[in-house]
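Q: Could you walk me through how to read strand pairing and helix packing in a model like this one?
A: Gladly; let's open the structure and take the features one by one.

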Amino acid sequence: MAEAKMNVVVGIDLVQISQVASSLHRLADAYVNRIFTAAEIAYCSTNPIVAPSRYAARFAAKEAALKALRLDDQGLDLRTIEVKQMPGGWSELELHGAARELADAAGWVGCSLSISHEGDYATAVVAATVQTPTR
Amino acid sequence: MWQSDSHREVALGDWSLTWTAPRAPRPSFSDGAGPPWIAAAVPGTVASALRAAGPESMRAAPGRLDSVDWWYRCTVNAAPPASDERLLLCFDGLATLADAWLDDVHLFHAEGMFVGRAVDVTSQLRGPGELWLRFAALDEALAVRRPRPRWRAPMIENQQLRWFRTTLLGRTPGWSPPWPAIGPWRPVRLQRRTAVDVQQVKVQASWDGGDGAVSVALTLRTLGGLVARAARLSVLDGEGQVVAETALSCAADEGGALVASGTARVAGAAPWWPHTHGGQPLYTGRVVVAVAGDTPAHLPPDGARPVVVELGRIGFRTVALASAEGDCAIAINGVPVFCRGACWMPLDAATLTGEAEAYRRTLAAVRDAGMNMVRVVGPTVYEADLFHDLCDELGIMVWQDFMFANMDYPEDTAFVAAVQEEARQALVRWQGRPSLTVLCGDSEGEQQAAMWGAPPAAWHRPLFRETLPAVCHEARPDVPYWPSSASGGAFPHQPSVGSTSYYGVGAYLRPLEDARRSEVRFASECLGFANVPEDSVWASARLTEAPRAHTPQWKSGVPRDLGAGWDFDDVRDFYLRALFGVDPVALRSTEPERYLALGRITTGEVMEAAFAEWRRARSTCRGALIWFLRDLVPGAGWGVLDATGAPKAAYHYVRRILRPLAIFFSDEGLNGAWLHVVNERPDAWQGTLRVRLYRDGETQVGAADLALALPPRSARELSVAALLGGFTDTTYAYRFGAPGHDVAAAALISDAGGADGEAYHFPTGRPAGREGDLGLEAQVARRAQDHFALTVRCKRLAYAVSLNVPGFVADDDYFSVPPGGVKTVLLRRAGASTEPRGHVQAMNARAPVRIAAME
Amino acid sequence: MSQEIGSKIREILAEHGRLAKDISTLDDNADLYQAGMTSHASVNLMLALEGAFDIEFPDSMLRRSVFESVASMRAVVETLTAGR
């Protein structure tokens, strides 16, 4: 009988908030619409002061998820990785479409997200429990 | 700047100052054996303390202030903090290599005068103590070997100053006084924070052409077990009426602090304008945080008590900087604005700041001069909050450089991080302010690199092209960022592309026509001249009479480029000769008074001629800022205001040419003389344009009157010949015979009867001779308590009439009066005299004329 | 044509790439990630390339290797602009 081997994979990313602010300023809608879902945009854009740090944290989360997915040079629309803001104050990752398929193929059972920002930096860690069949 | 009522200041004791050899141990304060201690005002600098202590202290102090360590000391005492209180020592600015101790506890070592620091001393301050500051000798730090720069900035004495975040004032021997900034130049404060510690306040205002929005994000910490229940944002108008309100959402961040954020919409927000173009409606913002907790000793038993955070000044406007195709054009609220004004210098070169009254008077003089922009320049310092408050109130746009100039600044990680922090702090001080119009990376950095021969790749520096703009975009997305004061074109200082330092008419001795030929686009600095002051300025240098031009005392106030074989007196002399056909050296030697008198109006005439080119509707010029506004030391400095803030002759010429409603001539050669009329105001103007031509200084030979209606924000150009009808050689370009006239006088007279601008054109040259009798008369009449009207009449043309009325300030000076004309000037009492007495002197008259006594 | 694309890409890199080194010192095959380009900068680069060449990167081409060097970007831009 095939036994499942449980593993944890982790991805982390660090983003400079002022660079995100610069992108918001220079590329505006082109930047925002290409990377973030409508729900993410709604949460991030209510207040222009906190917008750069919120967008930066979400960008870091998407990149961290990409790293945890251990893709071997595969292209992925960043909007298929979505950060949802929970009422309790923490964030969770929701994968759609291509990201969902890739996660399933990699054996992802569940994943967890943690976000932080301080000063000019935002960072995110994605940890996923992975189940792979063994012989 | 924001303020919370939960933060209260605790007074510190008096400060004293002394010096030791570099790296010497802390000197003793108590026993008499140590070095001499001097009382020192804080905020203040070593230079200002020595100046206040008197000439003996200045003599005893080391000649080079940067060669020793300076020690400041004061006593500190505060009631022990309660459980819901914190005590912070706030150092708003320490120049430049600073260490601080509380008794024997070393608080920090910090480098950089432009960054403020706060230290939590809650657990350390128990009873009376001593606060010590040491400012290490900068010379020692400069002597350490460091990599060489890719280019040199000749005006700066030591290129390695680039490694230190400190002002270049006092370190540019050619034009700033020899007092480098050393000491606690910004306040040192002991602050008690009760119940709520407000750590950070961010505000942004935006305007969409109809409604405004105010966004805030406050980071705060409640103390002593208290809890923040709710927070509300209110926006108030100039009358204190609430025009918008919203509840803020509160969320805890990872560190346990509370972030309260939200946006309030201000329906129908009234837009702020530069004063030349409209009004300055101002708003304020306020956040009220409701706090409650279980410490009955501090709170009323029934619950929440509010903490009020005042957010500071808010204004609504849009700023656009168009830079496509080499342009550099500013539009406010969608309206293109010709930006003109001057570069700002600190009001006191020793303290690097000024008294409140000095700020008010100087910025009022800026507004009165028709200037709508000042540039805070890279070699100086970030200005005080009051400066920005007044610019907001008076409708003066601010072009704000970051404090970098000319040098090849490092880009290592630590330096860049320090610059980002410096920029962030400055941006917090400027938040919400409508007057902030341009944020500029540095002064002349790209230009200096190019002039020194560095390759084009070196002109674009990541610090000023990427790092700083990113920080700016985050804090002030509504303010355009410009990389360097001279930028754009085949080389950064190319006048016709982007911005430039324009000294063609000026140090480069180009003819006046060069102002048009260069096709100056935006001169972020220009027209730097050694403007001759009135004799009255010398009293402030404790001199009983004005030093003779050319003496060392005179030259100490005249700017020069370091290492050059000429100075700015020579530049002024060149134009004196060009305008009046007079040999300046001969005149200076034989008639020194006449030399200075002509010198006074020379620079004024040149500035007027340059702006007359640049303000024409068809000119490519979008703006020009004079180098600079106010002298740092008494003398013929670059300021149009002298070192006491009084106007020089040049100021009056500038004021007349920069009026929002203005009339001026241009000489179009074979096309004849043209009149240009500009109305920048939001209301229409109706009246008459009057032109008169005179021959031999007296006989009228041509006249035209035109009813004129000027729509708001409009300009017109009119041919004088067309106004006169037929052919008149209005510029004496055809020269078919003797000149038909030697002066043309134009005036705008509003339907209400007021004189709304005057202009003169001299086709055969400005009057250089002197006559015996112009039939000049001057009379005074009282208008109100301290206000008089001085009426000047003359039979023949009176050119550049100057007023000598001690104890009174006039609203015009160095003006011309046409033959048979009348000019009324308002006088305001400013001194002890009760009645105006004195003389008026026309430049083309041999002798002054006494003002007739009042009836 | 390819030369123009190459120099345009270099221009965009200079403005959006945030590299630690001067772009003129890197040849067409130099590894840009080694030269300091972050993942965020590569996204900005992608958007800037889309704007400059009026193209749209399909998901399959949003791969790390596409933005690794001037040469790799040029190849993709040429593919996406082929037949114009």
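Q: Which residue of E31(B) is the bridge partner of Asp667(B)?
A: Strands of a sheet pair through backbone hydrogen bonds, either parallel or antiparallel. In this predicted model, Asp667(B) has Ala673(B) as its bridge partner in E31(B). Another such pair joins Phe664(B) to His676(B) of E31(B).

Q: In which sense do E30(B) and E31(B) pair, and over how many bridges?
A: The pairing of E30(B) with strand E31 of chain B, residues 673-679, is antiparallel and runs over seven bridges. Follow the chain between the two and you will find a hairpin, with five residues separating E30(B) from E31(B). Look at Gly669(B) in that turn: its phi is positive, about 65 degrees.

Q: What is the strand order of the open sheet?
A: The order is E30-E31-E34 in chain B, three strands with antiparallel pairing. Strand E30 (661-667) and strand E34 (714-719) of chain B each have a single partner strand, so they stand at the edges and one side of each lacks a neighbour in the sheet. From one strand to the next, the twist averages 20 degrees.

Q: Is E30(B) mostly covered or mostly uncovered?
A: Mostly covered: of the seven residues in E30(B), five are buried. When you look along a strand, remember that in a regular strand the side chains alternate between the two faces of the sheet.

Q: How many residues do chain B and chain A give to their contact?
A: Chain B gives 18 residues and chain A gives 15 residues. On the chain B side, elements giving two or more residues include strand E12 (196-207), strand E13 (212-222) and helix H9 (462-475) of chain B. H9(B) has the largest share of that side, with five residues. The chain B side divides into eight nonpolar, seven polar and three charged residues.

Key
Residues numbered from 1 in each chain as written. Chains lettered and ligands numbered in written order. Predicted model: local features only at pLDDT ≥ 70, side-chain atom pairs only at ≥ 80, totals over all residues. Pairing = 2+ DSSP bridges. Helix = DSSP H or I, 4+ residues; strand = E, 2+ residues; numbered from the N terminus. Axes fitted to C-alpha atoms, helices over the stretch in contact; angles between N-to-C directions. Contact = placed C-beta atoms within 7 Å. Nonpolar A, V, L, I, M, F, W, Y, C, P; charged D, E, K, R; others polar. Buried ≥ 20, exposed ≤ 12 C-beta atoms within 10 Å, placed from the backbone.
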